[in-house]
Each structure stands twice: as C-alpha cells, then as structure tokens.
Amino acid sequence: MEKLFVRFATLTAKIAGKPWTFIACLGIVLVWGVSGPLFGFSETWQLVINTGTTIITFLMVFLIQNTQNRDGAAMQAKLDELVYAVKKADARFIGIEHLTESELEKILEEVEKRGLEVHAGKPARAIRGRPGVRAEDVEAVRPKAAPRSRAKSGA
C-alpha cells in the first residue's frame, strides 16, 4: 500500500508541476467564468468552483507534502554521506536537521560569519567548538590489543 501511495504521490506531483497542467486548470477556470452568465452567476455556479478547488487543494497538499518529505530526507541522507566521506568536513554537521531552531540558528550564524570572512579574503576556518569525530578515526588511533593465546598447558 505504501509503495503504491508513493508512486501515486510522485506521479501526481510531477503532473501538477507541468506547464500543461497549469494551462488546463486555467482553462477550466476560464470556462467556469465564461459560463457565469449562462447560470446567472448563481450560488450553485459559485459553489461548483469553490468546492472543486477546495477538494483538489486539500488532497494535493498531502500528496505534495509526501513527495517533499521524501525528497528532503533523501537529500539529507546524501549530504550526511558527503560530510562523512570528506575527511576534512566537520562531522558535527551530520544529522543537524534534527536540532532545534535555536541550535540551527547558532550554527548558521557561524557558517555565515565564516563565509563572509572567506569572501573578504581571509583563510577558511572551522566553526567554533570541537569537531565531530568519526568512529573509524577513533578506532585507527586506539592501540590494537594483543591477541590472546589459546595454548593449553598440558599434562
């Protein structure tokens, strides 16, 4: 069921973003507007467009939000992998999308400050604080334990 919904949401978002879809919707609104005198601009005539657009908008919000959530999660995973793969990158940036708004604002201030310094011709520097450490970097520094001997004393 979930895969079917994902396919449907993705297809709907793609179709909704096409210029021809916009033109078709504009055409529907124009036909509705031109038909006003035919129906005497009645309340029923108004209700048709109001109800139709409200229902479509209501359903589209959920479909497009689903697509955007998946796209955002995929983008974050890719960015996290890139930060992880680049040894000089600060590993603290992995998963920052889960921080609070105020925590993100502090990081953004530091990054923007660093960007202004770079554009002013100063050398790039790390943001304040201890950089994140990758697990394999910690393991590489740890001394390897000597293998235990399994020799049995014999009698």
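How many helices and how many strands are there in the chain? There are five helices and zero strands, where helices (H or I, at least four residues) and strands (E, at least two) are DSSP runs numbered from the N terminus. Read from the N terminus on, the elements run α-α-α-α-α. The radius of gyration is 29 Å, well over the 15 Å that the globule rule gives for 155 residues, so the chain is more spread out than a compact globule. Here the radius is taken over C-alpha atoms, and the globule rule is 2.2 Å times the number of residues to the power 0.38.

A word on what you are looking at: this is a predicted model, in which local features need pLDDT of at least 70 and side-chain atom pairs count only at pLDDT 80 or more, while totals for chains, interfaces and linings use all residues. Residues are numbered from 1 along each chain as its sequence is written, and side-chain values use heavy atoms, with hydrogens and water left out.

Back to the overall form. Along the principal axes, the C-alpha atoms fill a box of roughly 105 × 60 × 25 Å. Of the 155 residues, 13% count as buried; buried means under 20% relative accessible area, exposed over 50%, and partly exposed in between (1.4 Å probe, protein chains only). Among contacts (heavy atoms within 4.5 Å) between residues at least 6 apart in sequence, 49% join residues at least 24 apart.

The largest pocket holds about 410 Å³. On a 1 Å grid over the protein atoms alone, a pocket is an open set of points where a 1.4 Å probe fits, with protein on both sides within 12 Å along at least five of seven lines, and lining residues have an atom within 4 Å of a point. Grid points are joined across faces, edges and corners, and the volume is the space filled by probe spheres set on the points. The largest pocket has 17 lining residues, with Thr21, Cys25, Ile28, Ile56 and Met60 nearest its centre. Helices H1 (2-16), H2 (19-34) and H3 (43-85) each give two or more residues to this lining, and H3 gives the most, with nine. By type, the lining divides into twelve nonpolar, five polar and no charged residues. In this scheme Ala, Val, Leu, Ile, Met, Phe, Trp, Tyr, Cys and Pro are nonpolar, Asp, Glu, Lys and Arg are charged, and the others, Gly among them, are polar.

Between H2 and H3 you will find Phe41, in the loop. Most residues other than glycine have a negative phi. Phi of Phe41, however, is positive, near 45°. Phe41 is partly exposed, at 48% relative accessible area.

Helix H3 also contains Asp80, which counts as buried at 16% relative accessibility. Leaving aside residues up to four places away in sequence, Asp80 touches Phe93, Ile94, Gly95 and Glu97.

Finally, the charged pairs. The structure holds two salt bridges, each a side-chain nitrogen of Lys or Arg within 4 Å of a carboxyl oxygen of Asp or Glu. In one, Arg92 pairs with Asp90, the closest N and O atoms being 2.4 Å apart. Arg92 is partly exposed at 29%, whereas Asp90 is buried at 15%. In the other, Lys113 pairs with Glu110, with 3.7 Å between the closest N and O atoms. Lys113 and Glu110 are about one helical turn apart because they sit three residues from each other in helix H4 (residues 101-119). Lys113 is partly exposed at 37%, and Glu110 is buried at 11%.
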